[in-house]
Each structure stands twice: as C-alpha cells, then as structure tokens.
Amino acid sequence: MYDERERECHPLLRGGERDEDYKNGSLCSSEMESLSSLCEVILQPLPLNSLDHAHHGNKKKEESIHLFSTLSGSQHSVPKKVANLIAKRGFLEAVMVVRLVLKLLSTRLGTLFVAGSLCLSHQWPYINKFSEIPLHKREKIVQKWFKHSFLTPIRLGFVFIKSLCLFVFFSQADEKSNNPSWEAIGYHVDINKDLPNDPKERPLQKGMVETMDETDDSLVTSLMQKGLDVTENLKENICTVKCDVVIVGSGCGGGVAAAVLAQSGKKVVVLEKGNYFNRTDYSKLEGPSLDQLYEAGSILPTLDGKVMIQAASTVGGGSAVNWSACITTPPSVLKEWAEEHNIKLYGTHEYTLAMDKVCERIGVIEKCKSESFKNQVLRKGCEYLGLKVEDVPQNTSENHDCGSCCFGCRSGDKKGTDSTWLVDAVDNGAVIITGCKADKFLLLKNHQGKRRKKCVGVISQVLNQKITKRLQIEAKVTISACGALMTPPLMIYSGLKNPNIGKNLHLHPVLMAWGYFPDNDLNLSGKSFEGGILTSIHKSGFDDNYILEVPALAPGTFAALCPWESGKDLKERMLKYPRTAHVFSLVRDCGSGEVKSAGRINYSLHKSDKEHIKNGLKQAIKVLIAAGAVEVGTQRSDGQRFICKRTSDEDIEKFLEMVDAGDGPLSMVKDWNIYTSAHQMGSCRMGESEKEGAVDEHGESWEAEGLYVCDASIFPSALGVNPMITIQSTAYCLAQGIANNFR
C-alpha cells in the first residue's frame, strides 16, 4: 500500500505539515495578530545564556539550548495551528471567549480594558494595541490575567490559548519526526525501535471496511464482499445492511461483545467512528497520534475548563492507547454494587469466572521485569515512607518497556481488543466498519413486549466527505459500546427519555504532583518518557479513598499542563522535563456530572472528593521528596513549588499545609487547578428499576427492547481503579446473556 519509507507509519500518524493546519478558522487578520503576540508571550525568545541548565561543557547540548532560548511561540506556524484547533476542537462558549479576548486585544480601547496602564505610551496615539506593547509588558499583562479572580471567563480564554500554544509547539513534528525544541529538552522519538518484522501485518483486515478508502460507488461492493446483506435505496441515498447484531464502538466493551456474539454464530457488524491503526502504523509522535487516536484530539475539557479529559476514538478504543493496567474489580466495589445497588451479577461466581477469562484472553501477567524512571520514583518513595506499593498486572509480556503505548503499542506487545477479542470476532465472520458515526438508534413502537419501544438497528453517517450515502444497519440486537461520553448523547438523540441517561457521570478526577531528579541521581535510571508507563501503584485504603499512580506525559501534554509563571520559567521547566517525575492522586469520586450532548460535559466535585484528592496530593509530594527529589511542586496556577535541599521536616509540613485541591480557572479565586481524567463511567448506569438506572442488570434499556449498553457508562458508581478489566468482564457476562436469550 505504501512505499518502504511510508511503511514506517501510517500517513495520518506521520509528522509534517497538513493543509488543514493552516486554516485559521474564522479569525480575521487583526485577531491573528493578537494571537501571534500572545503566543510570543507564552513561549518567549530569550537572550542567549539566560536559561539555567546543568549541561555546561557539553558543546552540542549547549548549542541546542541556545537555539531553544531563541525559539518563540509565534514561530513555526504555531499561531495558525492554534487558530485551527480553536475552531476545530473548541466548544461554542470557548470559541466565543477566545475571540472576545483576541478582539479586545486587537483594538486600543479593548487593550486598555484588558491591560490598564501597561498599554499606555508617551507618544500618539498614547494607547497601544496588545501587539504594539513591548514583550516584557505583555508578559505582565498575561501574568495579571492568570491571577484575575473577577472576570474569570476572560481568564479562561487566556488559559485556553496558553494550553493550545504550548501543546502545539512541543508536540508537532516535521517529516523527519523532529521538533526544534526536542534536543534541548532531552526528548527523542526512535521510530525504528520496535519496528515490526512484517510491515504488512493487519490482523483485522479480512473483516475491515475502512470508509476513508471508499467512495459512494465502492462502499456497497466492499460491504457485500464481506458477506453482508446489503440493499440500496437510491431515492433516499441510504445503504441498508442487515445482520443479527450491530455494535456501536470497538473498545473494551464493544470488542468483547463482538467476539462473544460472533463466536455464538451471530452475524455481527461493528461501527467505529475512529480509524483502524495496527502496530505497523503507529508513529510514537504525540501530535498526530493524539489527533487521530483520541476523542477531539485529546482536547476535551469540561465546560468550565476545570477537567481535561482523555478518551480514545480508534479501533480498540481505550485498550489500544491505555497504559496496560489490568486491575480486577475490587472486592469492596463488587460487594457494594451487588448489595447496595442490587445488581446481582457482581456478586456471582459467573462474574469472577469472567474476570479470569478476560485476563486469560488478553494475556495478563503479574509484573514486568524492569521499571521505568517514574515507577522507580513511586516505589522508592513509598518504600522509604513505609507505604505499601503493589505491582500493576499488565496485558503485555514481562519484557515490555514501551513508553509510548498511549500512542499505540508499536511493538505489538500490548494485547488490546484490536489484537485479541476483535480478532476472534473477525475470525468468526464479524465485519468492522471504520470512519462511521452512529447518528441515532432505529426505535419503533413495541406492541408485544414489556418495553415501550423496540430497537431494530442504527442509522449512521460516514465521515469521509466523498461518501454521501447514509448507512442503516438493521439488526435484532443493538449494542451501544461507545463509552460513557458518547453513549448517553446517542440515546438521547434517539428519543429515549430515562432521566438517568447522561447523569451520574464519574471521572476519577486527578491532580498531579511533580518532582525533579537531576541526572546525577544514579539510584534512579532513565527518563520520564521511557519504559513501562504504569507498573506500580499505592492504594491508600478505605478512609482516604485515593490511589497514587504515575502518568504518561509527552512534551506537549507536559507543557500544556504546566503552570505558567513567565516565559523564562516555562522554558526552564521544559529543560528539566526528562527527569521530572509526576505522581498523581486519583479518587473514587462521589461527585458526578452529566453529558447529554456530545462534547458538552458538566462535572462537580463533592466536598469529600476534594479532601481525598488533597490528601493524596500531599502524600504524592511526600513520596517524591522521600525518593530524592531536589524540587517538588503541584500544577496549581501560581506555580506552587518547594526546594528540598537543606530543609527540615517542619519546612516540609508548612509547605504541605498550603497544598489544596482548589477549583478551576472559571472559579472566582486567585489560584486555581486543572484536573485531568482518563476514566469516564456511570452515565447510563445499571439499576434495579427504571427509576434507579438507564439499563437493567442485563444491560438492556428500560425503554427499548433489543437495545443494550456494554461499556463503562453502565457502572452503578465510580470504580476507583483503572477500569479495563471491569469493562471487559461486564461486557463478557452481558454478551453471554444476550447470546443465550437470542431470538
């Protein structure tokens, strides 16, 4: 399909410029001028030798740092790419706020409102536009707005621009997979490491219809060649496919359900909005990988900007890009769900056997042979403090040390649904249609059953603009497995009214602490982006309700989440990137949110959640200090940090007293936090009655016969640990039930 060079990775995951990168949305020239001036403030060109670093005498390294000091956020097409992301990824309110900020800064009176006396000049016309103000004064203006606690919507606009600017600058790569800053910050991407032996291997290909390669003329033929019953309605421009089961989503829930039902002899069709990438396709490049493998390109905040959410959008779903953590459902949670929520499944031997079956199929091992730098930090700090630290089981081999599994496992060692359950499904005749977004379920009045409606399939649109046909998949059973953020909007768009749909959304909110460990610390080897991502965990116990884990943070994400104090401080933080370890506090949240429209997420932390996150964050800092960090801090907006050298226990305690779990940038406080989330659940929860849940204990909608849900949205409450095993085990049980009762 591609020449030898192209076989290194898929074109969509490769570095280099794309035409769409240069679309500036609807920003006018004056707004673009303001945006460029802001990007220059966020990432400033600095005088040579102005950056503090520990590489004196290393000529090559010093040269790269000198180059880095001169680089600016207004260079390398960054403003145009930021403008494109604002238009492409921002929700309406965010776009309006950003445009308001840029419009104000593009005029003299608007700049006077934003900047106050800092925009004044002794020469006519006495008031400068933002772009005309000297850089050091522009920096003071931005610093002021990051601390502004009154007009917080405008502050949120500055925060959004800052995050996008830094993300774009540090994550973009050219055709040779390079970035002008990476050598200075000690980051590299070795695309040839883990190079697959067989670049043609695509194990799902025989059951795959990739709509991005199709046209209106070829689509029907491709579907029929896969053995599907296909008819065309030329008048309505609809292509109808008939099957036994249609599944929306191919992740942990959809993949398992597809395998179980296909193995039971049913003709299964899987619809996947994302594209199909195999290990031969992955590039390890942060920018294009996040854009193609994650929902909204991994730029998915709650409406108030408080929580940044990551959710997969590719064949294999979260299992293709997660951190390989295979933690079984905690016994206390099983007891709670079975007894307090009266979902009997979770108290059965059947569910225990399902967990065993799942772990067997995805090849779960107890531990890896070696640990990465950040996991060494967590383990060393916990052991020094006398805290229990556990190995995290992995669905890989014991030699797996891929630090880029969050961008797809190029070694092919990780066993996601795309290389296990979906292979089983395809081997048993299932067909996967990619680039296909479900619009609504086909619901009819039900004149015979107990439910008011009956689901007979799904109507979907192909995302390839060359294809105008809609796909209507008619099936006896329809399963929604598109995740806790997408299943509720799809059910609501289809006309379902159960009040639990879209509510009770849990996010496992996270706050991070960081510690810097200089290269001369020989007890901790490696760099922050190398080695297995998550192989160690500390569980606090029932009272505090948090766990401590370590994340995968490539440079763009690292920079976007960094507190911004000044242009110089940001660059010095980036020079420490490879030896900065993060430890995060994750809670089993009591608070919840709602998602009733795609991409529009509201979420509120309960008071107890904040307390537990704060306690976990303090413990994370203690762990980092105990592991030998010379400097520690949080990601609070004021750059909260602590120098560890020659300090007493009393000094540490005073610093810890100031650590908190505050509100987000839209709240009326001076210092604010941005939380993150990689686990979403509960938004179509199981319930013993229509009043208690959106689906019953068999996963079937209380309103529509034949419509099931098999993803994390059906969890009765938050889980408290990484959810892959629980999703797959639940889907396995539900799919077995569907197969046994299939009519």
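Biologist: How many aromatic pairs does a search of the whole structure find?

Modeller: In this predicted model, the search turns up 18 aromatic pairs. One of them brings together Tyr187 and Phe529.

Biologist: How should I read a pair like that?

Modeller: The general idea is that two aromatic rings are described by the distance of their centres and the angle of their planes. For Tyr187 and Phe529, the centres are 4.8 Å apart and the planes are at 75°, which counts as edge-to-face. The pair links distant parts of the chain, 342 residues apart. Tyr187 belongs to the loop between helix H8 (182-185) and strand E1 (208-210), while Phe529 belongs to the loop between strand E12 (510-516) and E13.

Biologist: Are Tyr187 and Phe529 buried or exposed?

Modeller: Both Tyr187 and Phe529 are buried. They also take part in one aromatic cluster, together with Trp182, Phe558 and Tyr577.

Biologist: Which rings have a lysine over them?

Modeller: Here are two cases. The ring of Phe68 has the charged end of Lys571 over it, 5.3 Å from its centre. Lys576 lies over the face of Tyr516, and here the distance to the ring centre is 5.1 Å.

Biologist: Let's turn to the nonpolar core. Which residues of the largest one touch the most other members?

Modeller: That core has 241 residues, and Phe158, Phe170, Leu223 and Ile479 touch the most other members. Helix H7 (residues 152-171) gives the most to this core, with 12 residues.

Biologist: Why does Leu105 count as buried?

Modeller: Buried means under 20% relative accessible area. Leu105 has a value of 0%, so it is buried. You will find Leu105 in helix H4 (residues 92-105). Beyond residues up to four places away in sequence, Leu105 touches Ser34, Leu38, Thr111, Val114, Lys129, Phe130 and Phe158. Phe158 is one of the core residues that touch the most other members.

Biologist: Now strands. What is the general idea there?

Modeller: In a regular strand, side chains alternate between the two faces of the sheet. Strand E14 (residues 546-549) has both faces covered. Tyr546 and Leu548 are on one side, Ile547 and Glu549 are on the other, and all are buried.

Biologist: Which strands pair with E14?

Modeller: Strand E13 (residues 536-539) pairs with E14 in the antiparallel sense over 2 bridges. Within that pairing, Lys539 has Ile547 as its bridge partner. Strand E15 (residues 580-587) also pairs with E14 in the antiparallel sense, over 4 bridges. Glu549 stands opposite Phe584 in E15.

Biologist: How many disulfides are there?

Modeller: The count comes to 0 disulfides. For Cys28, the nearest cysteine sulfur is that of Cys39, 15 Å away. For Cys455, the nearest one belongs to Cys243, at 11 Å. Cys28 counts as partly exposed because its relative accessibility is 29%, whereas Cys455, at 1%, counts as buried.

Biologist: And what should I look for in the backbone?

Modeller: Start with Trp124 and Pro125, which are joined by a cis peptide bond with omega of about 10°. Pro125 is in the loop between helix H5 (108-115) and helix H6 (135-146).

Biologist: What is the phi of Asn49?

Modeller: Asn49 has a positive phi of about 65°, although it is not a glycine. Asn49 sits in the loop between helix H1 (29-42) and helix H2 (59-70), and it is exposed, with a relative accessible area of 63%. Asn342 is another non-glycine residue with a positive phi, of about 60°. Asn342 is in the loop between helix H13 (331-340) and helix H14 (349-361), and with a relative accessible area of 24% it is partly exposed.

Terms used. Residues numbered from 1 in each chain as written. Predicted model: local features only at pLDDT ≥ 70, side-chain atom pairs only at ≥ 80, totals over all residues. Heavy atoms only, no water. Buried < 20%, exposed > 50% of the residue type's maximum accessible area, 1.4 Å probe, protein only. Pairing = 2+ DSSP bridges. Core = buried A, V, L, I, M, F, W, Y, C linked by side-chain atoms within 4.5 Å. Contact = heavy atoms within 4.5 Å. Phe/Tyr/Trp six-rings, centres within 6.5 Å; stacked < 30°, edge-to-face > 60°. Lys NZ or Arg CZ within 6 Å of the ring centre and 35° of its normal. Disulfide = S-S within 2.5 Å.
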